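Here are a few exercises to work through with the structure open beside you. Try each task before you read its solution.

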Amino acid sequence: MPRKVELEKYGLNENIVHYNLDPDELQSITVEKGMGRETSNGTLAVNTGKFTGRSPQDRFLVKDDYTEDRVWWGNVNKPISPENFDYLYDEMVNYLSGKELYVRDGSVCADPQYKMNVRTITELPWSNMFVFNMFLRPDLEELENFEEEWLVLCAPGYNAEAKVAGTRQKNFSILNFTRKIALVGGSAYTGEMKKGIFSALNMILPTDKNVLPMHCSANVGEEGDTAIFFGLSGTGKTTLSADPNRKLIGDDEHGWTAENTIFNFEGGCYAKVIDLTEDNEPDIYRAIKPGALLENVIFKEGSDEVDYTDSSITQNTRVSYPIYHIDNIAQPSFADNPKNIFFLTCDAFGVLPPVSKLTPGQAAYHFISGYTAKVAGTEAGITAPVPSFSACFGSPFMPLHPTVYAEMLSKKMQDAKVNVWLINTGWSGGPHGTGSRIKLKYTRAMITSILKGELDNLEYEQHPIFGLFMPTSCPGVPKEILDPINTWDQKGLYVRKSIQLAHSFHLNFEKFMNKASQEIMEGGPLIDNHHHHGDVHG
């Protein structure tokens with residue numbers, strides 16, 4: 001019998017409370033209330049309304065004694081006062097009182113030593129189903145004695161009066177580390193709850209627990225060796241960590257402990273489904289079955305079939321599902337013995353080598369940089385790549401200065417003797433438009449060779465501009481693609497493009513220089529930082 005939950009202690013009154021309902025019950029309620037519909041195979045699909053993605057400009061951290069001197073305040077981490085937070089909390093609680101509410105008790109951090117209990121109270125039934133999928137699901141005994149450490153309140157229907165509340169507009173996502181409460185108001189996009197708790201862990205774990213939080217996927221081999229994959233959206237994190245010979249630990253967010261355990265923060269996956277096919281992403285495709293939750297997808301005319309190619313609501317169509325919808329998983333979601341770290345980048349300039357081995361200084365530099373290149377929208381047939389940098393491969397979620405995470409990573413790498421590799425899953429033989437995308441089978445062959453230890457004792461040569469160490473051969477990969485200059489017809493153009501990209505790296509890094517050590521600074525491209533200042537400022 002589910003326990004009776006007293007919500008009065010939060011200031012919530014007169015509520016009808018649904019406690020830890022099963023996903024199928026939440027799905028029925030959602031459909032009955034006309035808030036969603038089922039696809040041909042019985043999967044629930046909902047529309048998140050005005051917001052179909054996170055709203056980074058409306059994310060705030062309460063500035064108080066805990067955060068004031070720790071947080072890297074600026075564009076990413078915006079302050080809000082404790083008074084404004086308290087006002088918004090009271091307003092939200094007033095708004096939610098008298099309503100039918102859905103309470104979910106779950107936890108995050110799969111390693112029992114670091115487990116954190118989270119109680120989530122949602123206005124919408126399907127928001128609660130998302131939390132069932134994404135957080136860890138306690139067993140009955142754990143639920144009996146459940147006490148939350150953090151509280152999440154999610155009220156998409158509540159709109160703030162920005163002038164009074166100190167927010168930017170009606171919607172907001174706020175973390176209060178002293179009260180241990182996350183508020184999400186005015187937006188029904190479910191990722192706000194997930195990323196709110198993830199951001200909280202990115203503060204708490206390094207500050208209080210000596211654990212490095214990482215925006216990465218991870219898997220473990222039959223020998224018990226763990227591999228970690230960092231990379232921004234579209235670089236191949238999900239695809240490359242799905243390996244039939246290895247068990248998936250998790251696909252997005254992990255901690256690395258002092259005991260060298262790699263643990264999943266979550267109990268599920270939240271994947272993009274734009275242009276999804278069974279051929280290109282079999283694991284995700286097959287995970288979309290009853291229990292999964294589709295967001296902002298469009299149905300084919302007059303049917304219950306989803307058209308995954310249709311982006312008319314958003315490019316950011318998504319599915320959440322519990323991790324047990326994937327066959328080959330590590331249970332529970334943690335493993336020891338990290339041996340290899342892969343930084344995945346999709347370099348649309350065609351400059352970076354398809355595989356290179358990084359020194360500790362280079363690893364920290366490339367980690368802080370978090371580089372990938374986006375292909376710009378087609379303008380009269382012109383598509384020039386645009387460099388994109390996201391510190392630590394997840395800058396919107398990092399409350400501390402990026403060098404804090406980079407130095408932890410550097411130290412852990414060296415203590416655990418982990419190899420770090422930069423893998424370019426982007427272009428070869430020229431930039432986007434001239435060259436071609438590096439074949440997935442070659443990238444897989446490189447990663448497999450690395451995991452087998454086949455690149456350990458090979459010869460390497462150093463890239464003259466980036467200083468990266470490139471293997472001169474790799475099983476299953478044509479020799480001539482390993483040094484990218486060989487794939488370009490115009491060698492001079494290659495050198496020019498390399499210098500341009502190196503320059504973008506230097507410019508991006510300027511904002512971190514005051515906190516970066518000499519070793520990290522030396523991990524960047526070899527060309528002198530001041531070559532081109534003339535044309536930039538001229």
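**Exercise 1.** Find which helix gives the largest share of the lining of the largest cavity, and describe that cavity.

*Solution.* This is a predicted model, so take everything below as read from a prediction.

- Step 1: start with the lining. Helix H6 gives the largest share, with four residues.
- Step 2: look for the other contributors. Strand E4 (59-62) and strand E9 (172-176), along with helix H6 (191-209), are the elements that give two or more residues to this lining.
- Step 3: The lining has 14 residues, and the closest to the centre of the cavity are Arg59, Ser173, Glu192, Gly196 and Ser199.
- Step 4: sort the lining of this largest cavity by class. You get six nonpolar, four polar and four charged residues.
- Step 5: The search of the whole structure turns up six cavities of 30 Å³ or more.

**Exercise 2.** Now do the second largest cavity: what is its volume, and which residues line it?

*Solution.* 

- Step 1: the volume of the second largest cavity comes to about 70 Å³.
- Step 2: its lining is made of Thr238, Ser241, Ala242, Leu248, Asp251, Cys269, Asp283, Ile284, Tyr321 and Ile326.
- Step 3: Helix H7 (237-241) and helix H8 (282-287) are the elements that give two or more residues here.
- Step 4: by class, the lining of the second largest cavity splits into six nonpolar, two polar and two charged residues.

**Exercise 3.** Work out how helices H1 and H3 are arranged: are they roughly parallel or antiparallel?

*Solution.* 

- Step 1: get the angle. H1 (residues 23-32) packs against H3 (residues 125-134) at about 155 degrees, and their axes are 8 Å apart.
- Step 2: compare with the cut-off. Angles over 145 degrees count as roughly antiparallel, so H1 is roughly antiparallel to H3.
- Step 3: check the hand. H1 passes H3 in a left-handed crossing.
- Step 4: list who touches whom. H1 brings Pro23, Leu26, Gln27, Ile29 and Thr30, while H3 brings Pro125, Trp126, Asn128, Met129 and Phe132.
- Step 5: sort this contact by class. It holds seven nonpolar, three polar and no charged residues.

**Exercise 4.** Helix H9 packs against H10 and also crosses H12. Describe each contact in turn.

*Solution.* 

- Step 1: take H9 with H10 (residues 402-416). They pack at about 145 degrees, with axes 9 Å apart, and H9 passes H10 in a right-handed crossing.
- Step 2: name the residues. From H9 come Pro360, Ala363, Ala364, Phe367 and Ile368, and from H10 come Pro402, Thr403, Tyr405, Ala406, Leu409, Ser410, Met413 and Gln414. In this contact of H9 with H10, 10 are nonpolar, three polar and none charged.
- Step 3: move on to H12. The axes of H9 (residues 360-369) and H12 (residues 491-509) come within 10 Å and cross at roughly 75 degrees. The two helices are therefore roughly perpendicular to each other.
- Step 4: here H9 uses Tyr365, His366, Ile368 and Ser369, and H12 uses Phe505, His506, Asn508 and Phe509. The contact of H9 with H12 has four nonpolar, four polar and no charged residues.

Definitions and conventions:
Residues are numbered from 1 along each chain as its sequence is written. This is a predicted model: local features need pLDDT of at least 70, side-chain atom pairs count only at pLDDT 80 or more; totals for chains, interfaces and linings use all residues. Side-chain values use heavy atoms; hydrogens and water are left out. Axes are lines fitted to C-alpha atoms, for helices over the stretch in contact, and angles run from 0 to 180 degrees between N-to-C directions. Angles under 35 degrees count as roughly parallel, over 145 as roughly antiparallel, 65 to 115 as roughly perpendicular and the rest as oblique. A crossing is left-handed if the near helix is turned anticlockwise from the far one by less than a right angle, and right-handed if clockwise. Contact means heavy atoms within 4.5 Å. Ala, Val, Leu, Ile, Met, Phe, Trp, Tyr, Cys and Pro count as nonpolar, Asp, Glu, Lys and Arg as charged, and the others, Gly among them, as polar. On a 1 Å grid over the protein atoms alone, a cavity is a set of points where a 1.4 Å probe fits but cannot get out, and a pocket is an open set with protein on both sides within 12 Å along at least five of seven lines; lining residues have an atom within 4 Å of a point. Grid points are joined across faces, edges and corners, and a volume is the space filled by probe spheres set on the points.
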